[in-house]
Amino acid sequence: MTNQTLTVRFFARLREELGTEQLTLPAEKDQTAGDLLAELARRGGPWAQLQSGQPVMIAINQAMAKPATPVRAGDEVAFFPPVTGG
Amino acid sequence: MISIQSEDFDSGSEYEALRDSGAGTGAIATFTGLVRDSGDTQNVSGLFLEHYPGMTEQVISGLIKEASRRWDVRKARVIHRVGRLLLQEQIVFVGVCSAHRGDAFAACEFIMDALKTSAPFWKKELSEAGEHWVEQKASDVARGDAWDTGDRQP
C-alpha cells in the first residue's frame, strides 16, 4: 500500500511560534504547496502568519520550491523563514 | 567535501588538505567567517545556529557544482558550524583550489554569497535581553542576486 500522507516540517522562528516541528497530513488530489499553506493558515492564531506574515520559504523533498509546486503523497514539505547562515 | 558540525575547525589543516590537490593547482582562496558583535541586537553574547539536515548538504553540494561549471575548481571545501557559538568563534569556512587566482577568488566568493541566501541555516542571537531570530539582510540578497544577473561574472 502506498503512503497517502505528507510530512510537513517547520524550522527556526516558524517552528517556535507554531509550537510544531512536524505534522503528518493526508495528501489531497491536485494540491500545491500554496494550497497547503492556505489550509494551515486557516487554523488561525499563530498559523495565520503563514499567509499574512513575513515571507515563508518552501522546500519539497529538500529542494527549494514555489507556492505553485505540486505536492504529492509521500512528499516531505518544509516551511521556514528566509535563511540567515554564513 | 562538505561538513556540518558543532565542533570547531582548524583552518590551517584545512588549507594544508587543499594544497594536496594536484600539480595543476596554482591558487587557493579561503574564507573564514566569525561570530561578531554587531548584529540586530545589543550586547550579543553568542549565537544559536539551526539547520535543515540533509537539505543543507544538498544545497551546498549544488553550489559547488555550479561554481565548478562557471570557473576552474579543482577542489572545494565547505565547513559550517551549528549549535551554540560564542563571540569571535569560527562559524564558516570556504576553500577553493584553482589553476589561477581569478577563478579561486570568484568561486570562493560565489559559494559564500550563495550559501548565505540559499542554504537552510538560521541564526538566533543570544543576549542578556533574551533571544532574537536574525532576519535576512537585503544586502546579502543583493550580493547573491548579482551572481545570477551576470554583474559578477569574471
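This is a predicted model: local features need pLDDT of at least 70, side-chain atom pairs count only at pLDDT 80 or more; totals for chains, interfaces and linings use all residues.
**The contact between the chains**

Begin by colouring chain A and chain B separately. The contact takes 21 residues from chain A and 25 residues from chain B. About 1,900 Å² of area is buried between the two chains, and carbon and sulfur atoms give 54% of this. Next, select A:Gln62, A:Thr84 and A:Gly86, the residues of chain A that lose the most area to chain B. Together they account for 36% of what that side buries.

**The nonpolar cores**

Now select A:Phe80, B:Tyr52, B:Val94, B:Ile111 and B:Trp122. Among the 43 residues of the largest nonpolar core, these five touch the most other members. The element that gives the most to this core is α3(B), with nine residues.

Centre the view on A:Phe80. Setting aside neighbours within four places in sequence, A:Phe80 is in contact with residues of chain A including A:Phe11, A:Val56 and A:Met64. Its contacts in chain B are B:Tyr52, B:Met55 and B:Trp122. A second, separate core has 20 residues, among them A:Leu14, A:Leu23, A:Leu25 and A:Ile58.

**The largest pocket**

The largest pocket has a volume of about 510 Å³. To find it, select A:Gly85, A:Gly86, B:Arg36, B:Lys116 and B:Lys123, which are the closest to its centre of the 23 residues in the lining. In chain B, β2 (27–34), α3 (101–118), β7 (121–127) and α4 (138–149) each supply at least two lining residues. The lining comprises eight nonpolar, six polar and nine charged residues.

**The second largest pocket**

Of its 15 lining residues, B:Ala114, B:Thr117, B:Ser118, B:Gly144 and B:Asp148 are the closest to the centre. Helices α2 (55–70), α3 and α4 of chain B each supply at least two residues of this lining. By class, the lining has five nonpolar, five polar and five charged residues.

**A residue in a loop**

Finally, select B:Asp37, which is found in the loop between β2 and β3 (44–51) of chain B. Is this residue buried, partly exposed or exposed? B:Asp37 counts as partly exposed because its relative accessibility is 49%. Residues up to four places away in sequence aside, B:Asp37 touches B:Val44 and B:Leu87. To end the tour, display the C-alpha atoms of B:Asp37 and B:Glu125: the two residues are 88 residues apart along the chain, and these atoms are separated by 9.9 Å.

Definitions and conventions:
Residues are numbered from 1 along each chain as its sequence is written. Chains are lettered from A and ligands numbered from 1 in the order in which they are written. Side-chain values use heavy atoms; hydrogens and water are left out. On a 1 Å grid over the protein atoms alone, a cavity is a set of points where a 1.4 Å probe fits but cannot get out, and a pocket is an open set with protein on both sides within 12 Å along at least five of seven lines; lining residues have an atom within 4 Å of a point. Grid points are joined across faces, edges and corners, and a volume is the space filled by probe spheres set on the points. Helices (H or I, at least four residues) and strands (E, at least two) are DSSP runs, numbered from the N terminus. Ala, Val, Leu, Ile, Met, Phe, Trp, Tyr, Cys and Pro count as nonpolar, Asp, Glu, Lys and Arg as charged, and the others, Gly among them, as polar. A nonpolar core is a set of buried Ala, Val, Leu, Ile, Met, Phe, Trp, Tyr and Cys residues joined through side-chain atoms within 4.5 Å. Buried means under 20% relative accessible area, exposed over 50%, partly exposed in between (1.4 Å probe, protein chains only). Contact means heavy atoms within 4.5 Å. Buried area is the accessible area (1.4 Å probe) that two parts lose on being put together, summed over both.
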